[in-house]
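Thanks for coming. I have one chain to go through today, so please look at the screen.

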Amino acid sequence: MKKIEAVIKPFKLDEVREALSEVGITGLTVTEVKGFGRQKGHTELYRGAEYVVDFLPKIKVEVIVPESIVDSAIEAIIKSARTGKIGDGKIFVSTVEQVIRIRTGETGEEAV
C-alpha cells in the first residue's frame with residue numbers, strides 16, 4: 001500500500017475529490033495547511049500599508065491506496081489540480097507498512 005499526499009490550491013479540492021472518486025478511492029483526509037515554495041508568498045495592501053504574506057493557504061489531501069491504483073490516482077490528482085501556474089502544488093508518495101481499522105480490527109487492504 002502507498003500513501004499519497006498532495007498539497008494543492010484550495011479551490012481545486014472539489015475537482016480532486018471527484019477525480020479520486022472516479023478512480024475508485026472512497027476515503028481521504030483533508031487538512032488546511034499553509035506554506036510556500038517557489039512562490040515565496042506575495043505582498044498585499046491593507047489600510048494603506050503594504051505587508052508580505054509569507055505562507056499561502058493550501059490544502060493537503062492524504063489517501064492510502066493499493067499499489068495497483070497508485071499511478072491512476074496520481075494521474076487523477078495531476079489532471080484535476082493543474083492550473084499551469086506557479087503554486088499548483090506537490091505530490092508525495094510513501095510506503096505504508098500497516099493499516100488497522102480500529103472499529104473492526106481489520107488489517108491491510110481490507111482496512112483501507
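How many positive and negative side chains does the chain have, and how far apart do the centres of the two sets lie? There are 17 positive and 18 negative side chains, and the two centres are 6 Å apart. Lys and Arg count as positive, Asp and Glu as negative, with His and the chain ends not counted. Each charge is placed at NZ of Lys, CZ of Arg, CG of Asp or CD of Glu.

Before going on, some ground rules. This is a predicted model, where local features need pLDDT of at least 70 and side-chain atom pairs count only at pLDDT 80 or more, while totals for chains, interfaces and linings use all residues. Residues are numbered from 1 along each chain as its sequence is written, and side-chain values use heavy atoms, leaving out hydrogens and water.

Now the fold. The chain has 2 helices and 6 strands, in the order β-α-β-β-β-β-α-β along the sequence. Helices (H or I, at least four residues) and strands (E, at least two) are DSSP runs, numbered from the N terminus. The radius of gyration is 17 Å, well over the 13 Å that the globule rule gives for 112 residues, so the chain is more spread out than a compact globule. That radius is taken over C-alpha atoms, and the rule is 2.2 Å times the number of residues to the power 0.38. Along the principal axes, the C-alpha atoms fill a box of roughly 60 × 30 × 20 Å.

Next, the interior. Buried residues (under 20% relative accessible area; exposed is over 50%, partly exposed in between; 1.4 Å probe, protein chains only) make up 29% of the 112. The largest nonpolar core has 15 residues, and I4, I8, L20 and V63 touch the most other members. Such a core is a set of buried Ala, Val, Leu, Ile, Met, Phe, Trp, Tyr and Cys residues joined through side-chain atoms within 4.5 Å. β1 (2-8), α1 (13-23), β5 (56-65) and α2 each give two or more residues to this core, and α2 gives the most, with 5.

V63, leaving aside neighbours within four places in sequence, is in contact (heavy atoms within 4.5 Å) with K2, K3, I4, L20, I25, G27 and L28.

Back to α2, which spans residues 70-81 and includes S80. S80 is buried at 8% relative accessible area.

Last, G37, in the loop between β2 (29-35) and β3 (42-46). G37 is partly exposed, at 37% relative accessibility.
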